[in-house]
Amino acid sequence: GHVLLTARHAPPASADRTLLLGCFPPSESVQLLARIAPRHVSSPRDAAAARSLVETLGNLPLALGTAAAYMRRCDVPCAEYLERYAASEGRRSSSSSSSSSS
């Protein structure tokens, strides 16, 4: 079997068989969303949401591919996905705030 490990920071120099990948430029990020989930980024509202989403996800190809696959599989327009993502992040940050104050 194989293991895929992703990280935002470079691994130690001793890591074997490391492949460093950069982030996409914003235009390529939007193109990736449109290629994987074309129906979900086609309206003007969803196109604007796609531009916000790629910025929110840091133009990271794996995150963008996962988001696009979710939109396609669950039939969720990009604007709705972005709203769900923001709500999820809000819940996550409020739960970590409350657990750190306990």
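This is a predicted model: local features need pLDDT of at least 70, side-chain atom pairs count only at pLDDT 80 or more; totals for chains, interfaces and linings use all residues.
1. Of the chain's 102 residues, 23% count as buried.

2. As for contacts between residues at least 6 apart in sequence, 67% of them join residues at least 24 apart.

3. What holds the middle of the picture? The largest nonpolar core has 18 residues, and L33, L53, L64, A67, M71, C78 and Y81 have the most contacts inside it. Two or more residues of this core come from each of α1 (26-36), α2 (44-56), α3 (61-74) and α4 (78-100). In soluble globular proteins, nonpolar side chains tend to be buried together.

4. A67 is worth a click. Once neighbours within four places in sequence are set aside, A67 is in contact with L53, L57 and Y81.

5. Then have a look at H40, in the loop between α1 and α2. Is H40 buried or exposed? Its relative accessibility is 5%, and because buried means under 20%, H40 counts as buried.

6. Around H40, leaving out residues up to four places away in sequence, you'll find D46, M71, R72, D75, V76, P77 and C78 touching it. With M71 there is also a polar pair: a polar atom of the H40 side chain lies 3.4 Å from the backbone oxygen of M71.

Note on methods:
Residues are numbered from 1 along each chain as its sequence is written. Side-chain values use heavy atoms; hydrogens and water are left out. Buried means under 20% relative accessible area, exposed over 50%, partly exposed in between (1.4 Å probe, protein chains only). Contact means heavy atoms within 4.5 Å. A nonpolar core is a set of buried Ala, Val, Leu, Ile, Met, Phe, Trp, Tyr and Cys residues joined through side-chain atoms within 4.5 Å. Helices (H or I, at least four residues) and strands (E, at least two) are DSSP runs, numbered from the N terminus. A polar contact is a pair of N or O atoms within 3.5 Å; within protein, one must be able to donate a hydrogen and the other to accept it, and residues adjacent in sequence count only if both atoms are side-chain atoms.
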